[in-house]
Amino acid sequence: MSTRRPRSANVVGVVVDGDVIKGAQIRTVFGRPRLVRCAEVVVPGEITDQGRIVDPDGFAAALRSLWKEGGFRTKQLAFGIDGRDATFRRLSLPLDVAEHVREAARYELGTYLPYGLDEAVTDIHEVGRTATSIDVVAVAVRRASVEMIAAAIADAGLRVCDVTLSSTALGLSVTGGVSRDSTIVSVDGVSTTIVVRRDGRATVTRVLTGGGGERSTQAADELEEALARVDQFRHGPGAGARVDDPKIRRFRTVVEEVAAAIRFEESQQTGGGIRAGVDLAGSYGADESLVELMASGVDASVAVVDPPAWWGEKFPFAPFTTAAGVALGAVDRTDASVHLDVPSVSARRRRDRELAVGLVVAAAVAIPAMRLVGAANSDAVRAEGSAESAELQADVLAARVVGLDEVAALQQEVFDRRRIHDDAVAGEIWWPRLLDEIAGVIPDDTFLTSVSLRRPVDDPMIDQAETTATFGAVALDQGGVARWLRAVASLDGVDDVWLVQSTASVYGELELPVVAFVAEGRLTDAAESPRARGRDTGVGS
């Protein structure tokens with residue numbers, strides 16, 4: 001399960017939809033959410049690209065414009081990452097890892113990422129257990145892109161309180177956080193999102209490339225022309241008349257993608273179909289043309305989502321559904337939304353907590369001091385105040401000692417793990433580069449037949465031990481042997497090359513006379529892999 005963090009009770013959820021940035025402010029009143037403000041601003045094309053932020057400075061300026069346009073009075077911001085930039089997987093883990101579910105899920109998730117796990121920010125949710133397995137939902141987003149957005153938000157003078165996925169946040173505003181099963185389709189400007197929820201949690205999310213905006217016109221035209229050609233091929237030249245309404249063409253593209261995605265996800269589920277019907281949401285959710293096309297395309301009942309009770313009648317529902325869901329995920333107390341653990345955001349939270357604790361301690365120390373001044377004429381009060389102050393200072397010092405012990409233990413654990421890593425990669429040879437360099441310098445009349453490595457194991461200081469490589473090769477004559485030795489000795493990664501033995505022999509069916517020889521050389525630090533050269537060899541205390 002994801003570790004829940006304190007949530008603000010007054011948050012603006014922000015999402016990017018094409019070239020529009022949308023914000024929705026939710027405030028909790030007597031423990032219940034209430035939508036208080038909504039706004040959107042259109043940004044220049046160079047700031048975003050198909051809904052993705054490419055200009056951080058421009059994005060920061062756009063956020064300031066959004067705050068001015070919406071009249072938002074809080075600086076707390078929750079941001080919804082585009083689902084196209086995330087890896088979302090439902091994983092099945094063995095019960096053996098029950099005590100280490102998050103670690104096991106992160107390791108499994110790493111096998112699906114096109115980048116290293118250390119480059120990702122993640123969140124893990126357990127969604128169910130069976131007699132033999134644990135089902136989890138794992139989410140990862142590239143850390144650099146999230147940190148870029150967090151830095152831009154800070155430049156705008158705002159504070160990030162949560163980073164989530166727009167796709168999973170969508171279900172919160174549609175269902176109001178109520179735990180129920182649903183399949184939600186949200187059609188927005190440049191993309192379409194499918195969210196399958198079970199017991200209030202997103203178990204499947206898919207973000208498709210087609211949306212309801214003008215940018216989908218070309219794709220819709222191409223689809224319509226392809227369908228017309230298919231109909232003409234099947235039924236003759238008179239079939240397959242094109243639809244003239246551009247909106248219908250765009251929606252047909254969306255429906256085809258949605259239907260294909262739903263069929264695929266249904267085939268992956270073990271407990272039957274993923275939907276009894278489809279809930280339509282998003283900027284184009286209430287369009288009658290889309291409702292009719294969707295119902296026929298997915299072969300299921302289609303209902304337009306109504307606003308939840310806390311939405312009110314002051315603001316339109318469809319354009320701000322996802323932004324409100326992002327804000328709601330930051331202020332509610334459920335575990336139904338994704339919360340990415342962004343290092344810079346977590347560090348700021350820790351600093352805020354430490355500052356708050358420091359203020360409390362300072363106040364606690366100041367109160368006994370004031371008592372001492374006020375009771376200067378009373379020895380009993382003065383003694384009591386001194387005792388209280390000493391006791392408080394002792395508690396503060398004890399707390400600091402405990403904190404230092406935790407830091408020391410953490411430093412020792414980091415040191416121990418680094419030493420394990422260093423021992424594992426010590427002396428690791430970068431074979432691809434070494435063999436490529438040897439192949440590039442040896443004469444044309446010599447042939448390398450074998451390479452073996454010998455490293456002394458009786459010397460505990462591995463960095464001072466000599467690693468020796470033994471080369472087996474064939475030359476046409478003794479001159480070729482000499483040329484081979486000179487060529488290999490010129491490499492930075494091999495030193496002290498010497499001939500161990502050479503023997504006249506014959507090679508192949510033609511019995512070509514050759515000289516088979518064995519040579520040895522000491523491998524230098526230049527032959528080691530980048531991991532071995534970059535390891536920390538310092539000794540901790």
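When I say contact today, I mean heavy atoms within 4.5 Å. With that in hand, let's go through this one.

Housekeeping, quickly. This is a predicted model, so local features need pLDDT of at least 70 and side-chain atom pairs count only at pLDDT 80 or more, while totals for chains, interfaces and linings use all residues. Residues are numbered from 1 along each chain as its sequence is written, and side-chain values use heavy atoms, with hydrogens and water left out.

Okay, the overall picture. The chain has 13 helices and 19 strands. Those are DSSP runs numbered from the N terminus, helices being H or I with at least four residues and strands being E with at least two. Of the 541 residues, 44% count as buried. Buried here is under 20% relative accessible area, exposed is over 50%, and partly exposed is in between, with a 1.4 Å probe and protein chains only. And if you take contacts between residues at least 6 apart in sequence, 66% of them join residues at least 24 apart.

Let me start with T524, in the loop between strand 19 and helix 13 (530-533). Is T524 buried or exposed? It counts as buried, because its relative accessibility is 18%. Setting aside neighbours within four places in sequence, T524 is in contact with D492, G493, V494 and D495. D496 sits in strand 18 (residues 494-507). Its phi is near 55°, which is a positive value in a residue other than glycine. D496 is partly exposed, at 43% relative accessible area.

Now the aromatics. A pair of aromatic rings is described by the distance of the centres and the angle of the planes. The rule used here takes rings of Phe, Tyr and Trp (its six-membered ring) with centres within 6.5 Å; planes under 30 degrees apart are stacked, over 60 edge-to-face, and the rest tilted. How many aromatic pairs does that give? Six. One of them is W311 with F317: the centres are 4.8 Å apart and the planes at 85°, so that pair is edge-to-face. Both W311 and F317 are buried. Then there's W484 with F517, centres 5.4 Å apart and planes at 70°, so edge-to-face as well. W484 is in helix 12 (residues 478-489) and F517 in strand 19 (residues 512-523), so this pair ties together parts that are 33 residues apart in sequence. W484 and F517 are both buried. Ring pairs also bring in F471, linking F471, W484 and F517 into a cluster.

Cysteines next. A disulfide is a covalent bond between the sulfur atoms of two cysteines. The cut-off used is a pair of cysteine sulfur atoms within 2.5 Å, and the count by that rule is zero. As for individual cysteines, C38 counts as buried at 14% relative accessibility, and C161 is buried at 12%.

On to pockets. The search runs on a 1 Å grid over the protein atoms alone, and a pocket is an open set of points, where a 1.4 Å probe fits, with protein on both sides within 12 Å along at least five of seven lines; lining residues have an atom within 4 Å of a point. The second largest pocket has a volume of about 430 Å³, volume being the space filled by probe spheres set on the points, which are joined across faces, edges and corners. The lining divides into twelve nonpolar, twelve polar and seven charged residues.

While we're on helix 3, V146 is in it. V146 is buried, at 1% relative accessibility. Not counting residues up to four places away, V146 touches I81, V121, V141, V163 and V342. V146 and V342 are 196 residues apart in sequence, yet their C-alpha atoms are 7.4 Å apart in space.

Last stop, D444, in the loop between helix 11 (431-441) and strand 16 (446-454). D444 counts as exposed, at 76% relative accessibility. Its C-alpha is separated by 9.2 Å from that of A475, 31 residues away along the chain.

Definitions and conventions
Nonpolar A, V, L, I, M, F, W, Y, C, P; charged D, E, K, R; others polar.
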